Amino acid sequence: MDIPYYFLQMGICLLIMIFIFLYIYFTRNFNHWKNKNVSYIKPFPFLGSIYNGILMRHCMGEIFSDIYFKTVRPFIGFFVLDKPCLLLRNPQIIKRILINDFQYFYDRNILNNKRDDPIATHVLFILKNPEWKEVRSKITPIFTSSKIKVMSKLMENVAEEMVHYLNKKIQHNAIIEIKDICLKFIVDVISTTAFGVNAYSFKNENSEFNTIAKTLLDWDNILNSFRIRCYILTPKIAKLFKMCFLNPYCTRVLKKRFLEIMDSRTISKINRNDLIDILLRMKENKQFTDEDAVVAQAVTFFVAGSETTSSTMGFALYEIAHHPDIQRRLRTEIGNAAQQHEGINFDSVREMPYLDMCVKEVLRKYPVIPFLERKCNNNYKIPETDVVIERGTPVFISVLGLHYDPQYFPNPEVFDPERFSKNNEDQIEKFVYLPFGDGPRNCIGARFGIVSAKLGLAYIISNFIVDICEDTQDKIKFNPNGLVLSSIKGISLKLRKI
Ligand code: HEM
């Protein structure tokens, strides 16, 4: 036998052995759910059960919703690569995991990478206990109703700038990319309330903060989407490859700008009652000693608030454009409330029950964060069953699945704000409507998001008639790269000045 042939044979044998070893390793858990007598989605070796999501063929929200509709049982197992995970369907079990038995599920599965990601590590969404509990209680006071009322004055100024911008824009071209407008609006709202600066998104198309918001959660940037997906689904891989949750360039710029703003605020001693003032006070009181931890709280507004709120507004205007009757009723209600409260403001928006019903229905049909996740941190026996969720198991809840389940929301494809009328809302089963999650780890910015979205929408609807046009999609298709629900094509609408 000549030497090269011998090496070729050895090489092939080695490759086969490596393959067999990897195969055994990656399939070692595949009987996990079978052994527990839990129905599960059959996994493929190396890829698990949701390879379409990992390979970014479908949006993650739709993947979890597909799993939800694969069974009628209270929960179903599946695998991310080789990791056993559980999807909960039953509202009573969901309530236990999110609230009653929170002590078993106080963390998310998402990676917290202190070593490679110094800012994101302090972002509330990512923080693990006990740090999460400490930081959550420190920043909760930022979101009280009275603080948001003060911030709403700043939101009104931005809404007026938006109307001014739209007035000019529709003179040249009546077709508007509405998601872009909503993003500009919320970026300016966040910049002025959180950073104490005007981002000038409506004056400058390439404004620094607007560009950062677009880059941070740019789902068309495959690398961005892949990184964030790995952080949530495969934290070990994200850690192995030293990935950052947030685009490092964006966090660098945000940190630099935020520290400059804090310095100038300290020197000028101007009090704006915004996030900067609150964080400065916390720094003085030594509530935050780490500089990155302070910056992270401002970054949180950008990451958690911009895409969620602007998408909600975009989806709302899309539905309102398709339903002129709903739009007319809204306009009348907004006009009446504005008359009683000297314009569209924090107080008048609270007197708009139909707007409230519409926003709730938008969040039912388009829950921008379409799934919730928690990690089991101690073996947990699901009450009234023999099933034990083992420590370390990621647990998911498909918000999109629940919101489209006809047993809870008949004709789920139909946009019907009446579902949330005073009489009907009480009939909705508890823990099946979860646009802001629930329990101690629910959305801390829900009130801020709702007030800013309602203000922005009320300003648009009272100044413009919103129509569909030839470019408007018949049905929103979700971006397969997106972790949150976002339209693949943008949302084109026609605005006419009233
Ligand atoms: C319409 C707008 C918004 C929607 C639909 C939304 C939705 C959500 C959802 C579903 C969660 C997960 C809750 C859970 O796991 O139980 C969440 C968490 C969070 N949201 Fe929001 N959000 C919105 C706006 C905002 C805004 C404006 C901010 C900040 C200014 C914000 C900050 C956060 C933070 C920090 C968390 C993590 C909370 C924690 O882990 O303690 N959100 N949001």
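Here are legends for a few close-up views of this predicted model.

In this predicted model, local features need pLDDT of at least 70 and side-chain atom pairs count only at pLDDT 80 or more, while totals for chains, interfaces and linings use all residues. Numbering starts from 1 along each chain as its sequence is written, and side-chain values use heavy atoms, with hydrogens and water left out.

**View A. Cys443 at the iron atom of the ligand.**
The iron gets a single donor from the protein: SG of Cys443, 2.3 Å away. Donors here are N, O and S atoms within 2.8 Å of the metal (3.2 Å for Na, K and Ca), and since water is not among the atoms, sites may look incomplete. Look for Cys443 in the loop that links helix H19 (422–425) to helix H20 (446–463). Helices (H or I, at least four residues) and strands (E, at least two) are DSSP runs, numbered from the N terminus.

**View B. The residues around the ligand.**
There are 29 residues surrounding the ligand, and the closest are Arg108, Trp132, Arg136, Arg374 and Cys443; to count as near, a residue needs a heavy atom within 4 Å of the molecule or strand in question. Arg108 puts a polar side-chain atom 2.7 Å from a ligand oxygen. Leu124 comes in with a backbone N or O atom, 3.5 Å from an oxygen of the ligand, and Asp438 also has a backbone N or O atom 3.4 Å from a ligand oxygen.

**View C. Asn112 and its neighbours.**
Asn112 sits in the loop between helix H5 (91–100) and helix H6 (131–139). Is Asn112 buried or exposed? Its relative accessible area is 17%, so Asn112 is buried (under 20%; exposed is over 50%, partly exposed in between, with a 1.4 Å probe and protein chains only). Leaving aside neighbours within four places in sequence, Asn112 is in contact (heavy atoms within 4.5 Å) with Thr121, Ile126, Leu127 and Lys128.

**View D. An open antiparallel sheet of 3 strands.**
The strand order is S3-S9-S8, where pairing takes at least two DSSP bridges between two strands. At the edges, strand S3 (175–177) and strand S8 (464–467) each pair on one side only. S8 and strand S9 (residues 492–497) pair over 4 bridges, and Ile465 has Arg496 in S9 as its bridge partner.

Terms used. Polar contact = N/O pair within 3.5 Å; in protein donor to acceptor, adjacent residues only side chain to side chain.
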